[in-house]
Amino acid sequence: MKQCNPKTALLALITITITSGYAACGGGSSARMDDINPDQCYSGQIVVNGEAPIYTSMDTSRDKAKTSACRIAVEKCIGQQVAAASGVADGESIGNEIFSKSQGICRNDKILDEKTYMLDTIKMLRMTVQFNVNIAQLSDQIDTMKQLAGNPRAMILIREEMNTPAKIVHGFTDPQSNATSKLKNFLIKKGYTIIDGSKITRFISNESQLAQNPGQVSEQIKDLAAQAGADILILGSVSTYPQEIATTGPFKSVNVQGVVQVHALWGDGRVIGTYDERATGAQVNAIGAAKFGINKFVMGTYYPNDPDEELGGLAVWTHELLMNEWAIITRSNKIKMVVSGLDKRNMALFHDDLKQATAVKQIDERGYNGDTAEWEVTYPGRAFALADTLSFYGDNPKVFAAVRESGKKIKVETVKRGEVRVQFN
């Protein structure tokens, strides 16, 4: 976010108009608005055109048009700035992700103008709405959203076993787990949001086996983790075993073995990295040695007088992996899309619509049978964000030419991790 310059006070006198005309050229959300300079959002007033078809009551269309205007304001004034700052996704997909949290900026609305017009045989409502925005609240909202968008939301499921004379086991969600607490605290300090793993552990039938073989995690568990709000799943185990070494004094020594995988949950749930390392620990008693060894496995070797010194370990490896991989994943997420209910001509129109009216970047055709097409689309966001766009604008012939030409509306039948199914009715 750029800092306001001395001219900011003058900007309070300016209103910004975001038009909603259909643009045949350009990508992203050009079917809904023209580009503006996001810095102008700091004027204190945003004037936005929202549109909606009139199928039943005028009041319903007014509500839809006003909500459309708010979505555009959020996308432009928050989504684009967050996307630019975080390096992930784009304004549309980020805007949809944060709309439910950010629509508070659309308070104190005032309808400046409304008019109807015919788009072929469909009556449309165009409403001009003025939103008065608290600049301080807008800045706070942008900063908050940057934190949410910039780093993935992580769910940590690490099983910890300390093979001391009395075996001690800390399960996936045990608050006494040394490994989980160390990794969790490290990632929180780095700006990550941690999702509670207890939301899905009751669906795991054999925790011990899954922890030792994280590559065998089922699609159901990955789906549940994604539904709980996680972008990545950190899954695995760490165990300590006593070892006999020559030491001076009454020390106990342990060998630490562990395997932890990081699964991306946006698309096909692929493994983006595996940490399979060893560590050792020594203390005056067996439990102390085990805890010390686990801390070294997670945090790496550190200087006793500076425990925040990062010199390796699972925590630093996880952070560096996500720093390198996450922006790539979010810019080029692969989503399976199944579209049914259109003939070939209108299917081709909808193919073009996706690139012109949404943030879809590429479409690879996988098959076509009767009135059903299967595509793999490249989208800078989660499947849920794309489905949200299709659901909200699915009856709008101004946004989707296929809706206008076919006379059918888009219905999102199912959406899950990496897959969207839509039906034209």
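Is Phe392 buried or exposed? Buried, at 14% relative accessibility; the cut-offs are under 20% for buried, over 50% for exposed and partly exposed in between, with a 1.4 Å probe and protein chains only.

A word on the source. This is a predicted model, where local features need pLDDT of at least 70, side-chain atom pairs count only at pLDDT 80 or more, and totals for chains, interfaces and linings use all residues. Residues are numbered from 1 along each chain as its sequence is written, and side-chain values use heavy atoms, leaving out hydrogens and water.

Now the rings. Phe, Tyr and Trp (its six-membered ring) pair if centres lie within 6.5 Å; planes under 30 degrees apart are stacked, over 60 edge-to-face, the rest tilted. That rule gives seven aromatic pairs. Take Trp266 and Trp326: edge-to-face, 5.2 Å centre to centre, 75 degrees between planes. Trp266 sits in the loop between strand E9 (252–264) and strand E10 (271–283), and Trp326 in helix H9 (residues 313–331), so the pair ties together parts 60 residues apart in sequence. Helices (H or I, at least four residues) and strands (E, at least two) are DSSP runs, numbered from the N terminus. Trp266 is buried at 10%, Trp326 at 3%.

Back to Phe392. Its ring and that of Tyr393 have centres 4.9 Å apart and planes at 85 degrees, so this pair is edge-to-face. Tyr393 is buried too, at 4%.

Arg71 lies over the face of Phe392, 4.3 Å from the ring centre. The criterion: NZ of Lys or CZ of Arg within 6 Å of the ring centre and within 35 degrees of the ring normal. Lys409 lies over Tyr55 at 4.0 Å.
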